[in-house]
Amino acid sequence: MAPAAGQCLMSQRAGTPAGEPASRCRGTRCERAGRGPGSAALFCPAVPAVLRCRLHQKLRHSCLPQQQHVHMQHVKTSRLRLRVHAALSGASDGNHHSVSSSEQLSTYLKLARIHNLVPSVILVVVGAWAGSGHRVAAVQSISVWLMGLISGGMAVASCVVNDYFDLKIDASNAPDKPLPSGAIAPDAALLLSSLLYCGCLIAACLMEPSRLRSIVAFSAAATLLYTPLFKRLTGVKNATVATVIALAPLAGALAAGAGDAGLLRLLPATLFAFSGVMFREILMDLNDAEGDRQAAVWTLPVLLGKPAALLCGCAVLLLGSGGALVRLLQSNALLEWLAAPGAVAGLQQGLSAVGLAGWGGCAAGVVQGLAVGLPCAVVGVIVVQLMRLAVSVWRSGCADGEVGRAVGECLKFVGWGILLLAAMG
């Protein structure tokens, strides 16, 4: 016969009459076992099974001696310390592997893509030099070099946090990276990027003017939100990276104390930087198409196909380069530099010295021709080289090896283009 509701099953097993209420048994076996009066509910069928299970766990914990409580707390503290140590040392698990300091440093440098540090600093220094009217004294300013370090730190932090968010995608696209391979723990990467971002923002608070601080804040927010937000928006991810890089020369000019005239002087280089980086970012997306498709990241190669995405990159490059050239010719900056006082007279004297005195009357025309032809030649040569890379990728069927080679060479040509346009601005 099943016991009635509200009666304790334990009272029957301990010899308590079945008709007695459950409260009668709370002072018998339960108290003798040292569990307290609440333990009788463990054997009462009126109590739900889930509640009895939870109550059993609490009673089991309360019955432990004080020494065992202290030991369990010590174990939890030790595990927490091990996790913190693993995050700081870069270990991906609890095992202790004998990794040398040089190998660990090399792994962190690979994660940070330290090769991006020098170009980031150079962009700021070039912007300071060109924006201040090509004055060498501007490059010697402490504010310029501090801004260069901020730009480099931001580049490193963005690479690290991007790998942290892209851990699942990189497991398919690039499993040999430090995070997917397990060489560095994700917590360590997140800690490193957080420290870098905080350091850059704190250093930016020391910079003037306010527009410079706004550029740093915008770059930090854009790179931090790049993977979790902007990367899933077609074309926006590429434009975000291109905008952050194109702002670096302008930040350098502001750090050197250049005004609006200096920023306008850098406009051709900024336009070319944006279009060149957009072209390179689209090339990089070609190799990541399969992993991006699995992760539902709708880049241009995933949405349009690799050939169409390559054509879009070429179109952006041509438009940006054309805009940079038009702006450079409109500014007449190179003409003003070539036609400086004494420049034409010096050219006439030089022609006379080599026996070409009859050409001295054409000196002014030669200067004007150089002012127009030199920018056209520089932009034309660089665009032709970049288009040559695009053609080689097209002919290979967007093979991974050819795309990787094109990405590496593209950075070189884009960098030279920014430097020369800034010098002629």
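**Exercise 1. State the accessible surface of the protein chain and the share that belongs to carbon and sulfur atoms.**

Solution. The accessible surface is about 22,400 Å². Carbon and sulfur atoms hold 65% of that area. Accessible areas come from the Shrake-Rupley method with a 1.4 Å probe, and for residues only the protein chains shown count as cover. The model is predicted: local features need pLDDT of at least 70, side-chain atom pairs count only at pLDDT 80 or more, and totals for chains, interfaces and linings use all residues. Residues are numbered from 1 along each chain as its sequence is written, and side-chain values use heavy atoms, with hydrogens and water left out.

**Exercise 2. Describe the secondary structure and burial of the protein chain.**

Solution. Start with the elements. The chain has 22 helices and zero strands (DSSP runs numbered from the N terminus: helices are H or I, at least four residues; strands are E, at least two). Next, burial. Of the 425 residues, 38% count as buried (under 20% relative accessible area; exposed is over 50%, partly exposed in between; 1.4 Å probe, protein chains only).

**Exercise 3. Find the residues that touch the most other members of the largest nonpolar core.**

Solution. A nonpolar core is a set of buried Ala, Val, Leu, Ile, Met, Phe, Trp, Tyr and Cys residues joined through side-chain atoms within 4.5 Å. The largest one has 70 residues. Met147, Ile150, Phe272, Phe279, Leu286, Leu386 and Leu421 touch the most other members. Helix H22 (residues 400-424) gives this core its largest share, ten residues. Now take Met147. Leaving out residues up to four places away in sequence, Met147 touches Val124, Met207, Leu212, Val216, Ala251 and Ala255 (contact: heavy atoms within 4.5 Å).

**Exercise 4. Locate Leu105 and give its exposure class.**

Solution. Leu105 lies in helix H5 (residues 101-112). Its relative accessibility is 51%, so Leu105 counts as exposed.
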